[in-house]
Amino acid sequence: MESLISGPPPIRRLPLEDGAVATEVPPSPGGFTSAKRSIAAPRFSIRRMEIDNVSVSYADREAVKSVSIPVRQGEVLSLIGPSGCGKTTLLRSLNRLTELTRTATLSGRILLDDVDIRLIEPTLLRRRVTMVFQQPNPFPMSVFDNIAYVLREQGSRRQRKKALEPKVHSALERAGLFEEVKDNLDHPALRLSGGQQQRLCIARALAAEPEVLLLDEPCSALDPQSTQVIEDLIVKLRDDVAVVIVTHNLQQAYRIADHVAFMYLGELVEYSSATALFNSPREQRTKEYVSGAFG
Amino acid sequence: MESSVATPPPSPPPAPAPQKPTKDAIEGSATWQLSDRIGLAICWALGLLFCAIAVAIIVYLLIQGLSYLKPSMLVTPATSGFSQSQTGGFSDALIGTLIVGTMGIAIALPVGVGVAIWLVEYGRPAGLARLTESTIEAIAGIPSIVLALFGTVIFSSTALGFLSRTSEGVVFGRSFFAAATMLSLVALPLVVASTREGLNAIPQHVREASYAVGKTKIATTRRILLPAARPQVATGAMLGLGRIIGDTAIILVLLGATQNFAPVGNTFPLNYLRGAGTTLTNFVYEASPTGNLNQPQKAYAAAFVLLLMVLALNAAVDVVHRRARKVGTWSH
């Protein structure tokens, strides 16, 4: 009985493709897991966003408390923590989606390339900081139009299909979906499989040519195969855009993140590199969370 | 794990080996209490009864209608005469039904969709939204004859005299304009309810996905939400249309008790729309044994045509729904 409780959580391991090298040595005994990191160390990192002492409240409830984290291009930043710890709220405040909630108030500063995002028109900001959601949510139109919708002006339908084609194709290619859908671009997007739908949503988010890509538990509704495809994709994207991913899945954070921020009850408990946070957490709460003692 | 427990608590007798549940055990009522079984039987009987009633109406009208309906009736207007062979057909009524249906839904659809969008997507100030909701519910509950009476007050006013026949300063207040406007109120609650249902069925994250690529609320509503709710909007429009072409009271009071078009002025098509007229429901009423015309055979023929129109609308609703289901939807 004892060993069942305190042992590491069961790990969903996905086979590595041949040639992929686990660059980090599995943690020492007593560390996080034996899950392998399938990614290479970042080749570079450029600071794109700066979360500076940010607090977010809904009416009287403080969901995020004085959090400061940098967001860098060339890296994947993962926000982890138990449900209700404020990680999604923090993510949504990066493109001012929290403002859609009437009672939400934000203090502190969030900078995008050194400009306070409150000074940027929300529609403009949200094209520079795009987002993918937990549930795949393609729009009720064709695959092509899902991407074209992003490229067109507000509500306008005027731009010719031909003119948009190269951009649509390149967005689909970046999301690794083009080969699968190139013959069916005019099919309804809602008929794609769940994993394809989610990659379409990523393609849609990339079509705006953002500087930062926010992902809110993008794999939680998907099967393991689709999850791996998307994880590989996320790692591939990190050189082009700064990636911030919220995840419930610690193994996933370990597999794909370069930096991890552990949040608990709205506070940022620990922020460090993925290997450091999982293998030698500084804080007791982090240690307990990553070892599965709570969450 | 059980075996490792030293002193097991007194356990209930071991359950019998799990058997594969039979279809009867899952769906059957053999094991139910008597009262439940009687209740189920009553539900069955009532279901069958309603089917029987519907079938009876349709079959009866089919037989009657087909035996009396002549194609010529569809293209001949009603005329006065002493026998049924001399009184012509009901082409004016048929066209009248099409006119009030088109006009009524042309008013109710944009207004209803607009109101529904405002209620679901904006809904501020909250007090006004609540008031609007109850107003629409109230309209849905008002008998159409009351709407008709109210319509006479409005459309007989001098200011609206241009919409109907006016003679020596007296506004008649009876015209296709008047009838269609009041009939649109009959359809409006159905359009609003159905559109709201459609909009509410769209998960919030779909809206946010559109905002998250920099789209405004208006663009999101026009390009994402309305297309997504199109099946329900179409359903509401067709149900509303069914109510409009089936209404009699407003036609009787606001369109006139004539069996022919009575155009006013010379500018086509305004002359017809400003004038009095008739519809199939009105024709059926007048031609029935209680009406002024008393030619029941033609009443059956017209009723049959009316029934076909309503059934066609219902079938169209079905088609729209089945198509929408095929395209798929989001999870919440």
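For chain A, the average pLDDT is 86, and 85% of the residues score at least 70. Where pLDDT is low, the predicted coordinates should not be read in detail.

Now to the place where the chains touch. Here, 27 residues of chain A are in contact with 23 residues of chain B. On chain B's side, the elements that give two or more residues are α8 (204–211) and α9 (217–228) of chain B. The most comes from α9(B), which gives seven residues. The table sorts the side of chain B that touches chain A by class.

| Class | Residues on the side of chain B that touches chain A |
|---|---|
| Nonpolar | 13 residues |
| Polar | six residues |

Finally, let us visit A:Arg96. You will find A:Arg96 in the loop between α2 (87–93) and β4 (104–112) of chain A. Is A:Arg96 buried or exposed? A:Arg96 is buried, because 22 other C-beta atoms lie within 10 Å, and the cut-off for buried is 20 or more. Setting aside neighbours within four places in sequence, A:Arg96 is in contact with A:Ile117, A:Pro122 and A:Leu125. A:Gly266 is 170 residues away from A:Arg96 along the chain, and 18 Å separate the C-alpha atoms of the two.

Notes: Residues are numbered from 1 along each chain as its sequence is written. Chains are lettered from A and ligands numbered from 1 in the order in which they are written. This is a predicted model: local features need pLDDT of at least 70, side-chain atom pairs count only at pLDDT 80 or more; totals for chains, interfaces and linings use all residues. Two residues are in contact if their C-beta atoms, placed from the backbone, lie within 7 Å. Helices (H or I, at least four residues) and strands (E, at least two) are DSSP runs, numbered from the N terminus. Ala, Val, Leu, Ile, Met, Phe, Trp, Tyr, Cys and Pro count as nonpolar, Asp, Glu, Lys and Arg as charged, and the others, Gly among them, as polar. A residue is buried if 20 or more other C-beta atoms lie within 10 Å of its own, exposed if 12 or fewer, and partly exposed in between; C-beta atoms are placed from the backbone. pLDDT is the predictor's confidence in each residue, from 0 to 100.
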